[in-house]
Amino acid sequence: KNKLSATVNQTLALHVQGLDTEKIAEQRIAHARRNKISKLSLGNLGLTHVPPSISQLAHLTYLDLDHNNLSSIPDAVCKLENLRALFIQWNSLTSLPEEISRLVNLRTLGLTGNRLVDLPRSLLKLSALNDLRLHEIPALALPPELLASASGDQGDLGAVARLLQYFFSARSEQPRRLNEAKMILVGRGGAGKTSLVNRLVH
């Protein structure tokens with residue numbers, strides 16, 4: 001709650017000062033490009049989209065987009081193949097692009113607090129991913145123990161793989177139809193109920 005309040009206050013302060021948060025993002029991207037900076041923070045800016053110019057930061061290894069209003073991960077971010085850490089927590093994501101598999105060097109992916117209802121199978125292609133943060137996303141219905149083992153300092157390749165395998169296995173299981181029916185035969189003794197049952201069963 002305190003983090004959210006701080007985010008709201010910071011964003012409001014920027015607007016009160018007459019600053020365009022998208023311009024701020026573009027300025028930071030331009031600065032990172034000129035100086036070949038490998039870490040970039042665009043968090044807490046209230047962004048609804050990421051400037052396309054971010055795709056020019058081929059040297060970027062760390063990108064923070066936490067606490068914005070992003071509803072999707074743009075293709076420009078998926079082109080940053082040298083990224084090792086991507087934080088896009090506490091946004092409004094409902095899905096992830098299949099193209100996220102391009103981030104072949106990604107080790108940490110922070111998605112906590114989004115509105116995801118599904119995950120793409122392309123996540124399985126991220127062979128270096130050892131820290132996957134999917135906390136506080138009820139629609140994914142992931143067990144707390146698997147979430148804990150796959151994230152933060154405790155995370156490892158095996159734990160992330162187990163978490164994803166659990167999710168995709170659970171989603172692929174379809175309810176089985178039993179195709180069963182109950183029949184109750186009522187009648188007097190010797191009326192042939194047993195013979196009828198035998199005919200139906202056999």
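Begin with the aromatic rings: a search of the whole structure finds 2 aromatic pairs, where rings of Phe, Tyr and Trp (its six-membered ring) pair if their centres lie within 6.5 Å, and planes under 30 degrees apart count as stacked, over 60 as edge-to-face and the rest as tilted. Select Tyr62 and Phe87, which form a tilted pair with 5.7 Å from centre to centre and 50° between the planes. Tyr62 belongs to strand S2 (residues 62–64) and Phe87 to strand S3 (residues 85–87), so this pair ties together parts that are 25 residues apart in sequence; helices (H or I, at least four residues) and strands (E, at least two) are DSSP runs, numbered from the N terminus. Phe87 is buried at a relative accessible area of 12%, whereas Tyr62, at 28%, is partly exposed (buried means under 20% relative accessible area, exposed over 50%, and partly exposed in between, with a 1.4 Å probe and protein chains only).

Next select Phe167 and Phe168, an edge-to-face pair with centres 5.3 Å apart and 75° between the planes. Phe167 is buried at 2% relative accessibility, and Phe168 is buried with 7%.

The model is predicted, so local features need pLDDT of at least 70 and side-chain atom pairs count only at pLDDT 80 or more, while totals for chains, interfaces and linings use all residues. Residues are numbered from 1 along each chain as its sequence is written, and side-chain values use heavy atoms, with hydrogens and water left out.

Now select helix H2 (residues 21–35), whose 15 residues reach 21 Å from the first C-alpha to the last, close to the 21 Å expected at 1.5 Å a residue (the expected span is 1.5 Å times one less than the number of residues). Its buried residues are Thr21, Ile24, Ala25, Ile29, Ala30 and Ala32.

Which residue just after H2 takes a positive phi? Lys36 does, at about 50°, in the loop between H2 and strand S1 (39–41), and at 67% relative accessibility Lys36 is exposed. Most residues other than glycine have a negative phi.

Finally, select His67 in the loop between S2 and helix H3 (75–78), where His67 has a positive phi of about 55° and is buried at 16% relative accessible area.
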